[in-house]
Amino acid sequence: MGIVLKTDRGCTLAQIKGDLDHHSAKFLRSEIDRELTAKRPSRLVIDFSGVTFMDSSGIGLIMGRYKLMQDIGGDVIVASPPSYIKKVIRLAGIDRLARISDSLKNVLPKDFGSTFSEYAGEGEKADETVKAADK
Amino acid sequence: MKRSKQLINEMKLTFPSLSENERFARIAVSGFLSQLDPCVDELSDIKTAVSEGVTNAIVHGYRGRIGNVLLQVKIFEGGYISIKIQDKGCGIENIEKAREPLFTTAPEDDRAGLGFSIMESFMENVKVRSQKDKGTTVILERRVRSRKQLL
C-alpha cells in the first residue's frame, strides 16, 4: 500500500496503490491532509485506479477529505474507480458529495505536472511526494 | 421441517485485534472459498463484508485494547456459506441503532458508519448477537454461485 501526492496548478492529485482498509486509511489520511493543509489546493483528485480493495474505510477517507476541502474552499473528484469500488461508492451515496470520473486526464488542470514523465510536455515543475507505508 | 444443509468443509482461525490482521482475514476467507471457484464479483463482495465485520470487532469491539477475534467459515452443500466473526469486547448496547446507516461511535476516526449496511448489501443474511461487556458475534450468510456449476 502506498500513495503518490502531486500538487500543481491549484490541484492535488493523490494516487493510491493497494488495499484501502481501516489499517491503511490512517496512513493515507495523514499524508493527504498534510499535503492539503500545506498547499491549500482548489481541487483534490483521488485516483483509485491502483486500489485493489476498498471497504467503508475508503468511504470515510473520501468523506473526511470532502469536509477538509470544503473548509479550504475546493472540491473533491474520485477518479477511475474500478467496478468493485464503484459499488461501495454508490451504496454510500458518495456521488452526491464528490464527482466520479472514469477519466483522470479530464479532471486535472491543463498541463498538470507537465514535467512528470507520465504527463510529458513543458511546464513548471510540480511538487511531488511519494510515500509508502512500512509494509 | 426443513432439512439442514450438509456441512462440506470448515475452517476456524483466531488472531489478535491488530489492524494489520484485517487484510489477513480477507485473504484467509478468500483463499478458503477459492475451492468453490466463485465469480470475482462474489468474492469481492464477501471480502468487503468480512473486512467490515473484522474492522468492527477491532475498532468497536476492543476499542484500542488487544483481544482475540475468531473467524470461522463453513461451506455447506449447494454453495451455501456461513462466516462467523466473534469478539469478546465491549458488546453493542443497541444493535438496532448500530445497524442504522451512517451511525458510528467513532466519527473522529473518519468511520463512515456503513459497516452493517455494506454487510447487509453484500451478503444475503446478517445475524448479530451481542451482550454488553461480553462481546459480539456476527454471522454472514449467502450462497456462492460456483463457476464449476455453471460449466
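**Close-up views of a predicted two-chain complex**

**Figure 1. Chain B and the reach of its contacts in sequence.** Among contacts in chain B between residues at least 6 apart in sequence, 69% join residues at least 24 apart; two residues are in contact if their C-beta atoms, placed from the backbone, lie within 7 Å. This is a predicted model, in which local features need pLDDT of at least 70, side-chain atom pairs count only at pLDDT 80 or more, and totals for chains, interfaces and linings use all residues. Residues are numbered from 1 along each chain as its sequence is written, while chains are lettered from A and ligands numbered from 1 in the order in which they are written. The mean pLDDT of chain B is 91, and 93% of its residues reach 70 or more; pLDDT is the predictor's confidence in each residue, from 0 to 100. For the complex, the predictor gives an ipTM of 0.89 and a pTM of 0.88.

**Figure 2. The fold and dimensions of chain B.** Chain B contains five helices and five strands, in the order β-α-α-β-β-α-α-β-β-α from the N terminus on. Helices (H or I, at least four residues) and strands (E, at least two) are DSSP runs, numbered from the N terminus. The C-alpha trace of chain B spans about 50 × 35 × 25 Å along its principal axes. Its radius of gyration is 15 Å, which agrees with the value near 15 Å for a compact globule of 151 residues; this radius is taken over C-alpha atoms, and the globule rule is 2.2 Å times the number of residues to the power 0.38. Of the 151 residues in chain B, 39% are buried. A residue is buried if 20 or more other C-beta atoms lie within 10 Å of its own, exposed if 12 or fewer, and partly exposed in between, with C-beta atoms placed from the backbone.

**Figure 3. The loop around B:Asp37.** B:Asp37 lies between helix H1 (21–33) and helix H2 (40–61) of chain B. Although B:Asp37 is not a glycine, it has a positive phi of about 55°. It counts as partly exposed because it has 15 C-beta neighbours inside 10 Å.

Figure 4. Chain A has three helices and six strands, which run β-β-α-β-α-β-α-β-β from the N terminus on. Buried residues form 44% of its 135 residues. H2(A) has 17 residues and reaches 24 Å from its first C-alpha to its last, close to the 24 Å expected at 1.5 Å a residue; the expected span is 1.5 Å times one less than the number of residues. Among the buried residues of H2(A) are A:Ile59, A:Leu61, A:Arg65 and A:Met69. Just after this helix, A:Gly73 takes a positive phi of about 100°.

**Figure 5. The loop around A:Arg40.** A:Arg40 is placed in the loop between H1 and strand S3 (43–54) of chain A. A:Arg40 is not a glycine, yet it has a positive phi of about 45°. With 15 C-beta neighbours inside 10 Å, A:Arg40 counts as partly exposed.

**Figure 6. The contact between chain A and chain B.** Chain A gives 19 residues to the contact and chain B gives 20 residues. On the side of chain A that touches chain B, the elements that give two or more residues are helix H1 (22–39), helix H2 (56–72) and helix H3 (83–92). H2(A) gives the most to this side, with seven residues. The residues of this side of chain A divide into nine nonpolar, six polar and four charged. Here Ala, Val, Leu, Ile, Met, Phe, Trp, Tyr, Cys and Pro count as nonpolar, Asp, Glu, Lys and Arg as charged, and the others, Gly among them, as polar.
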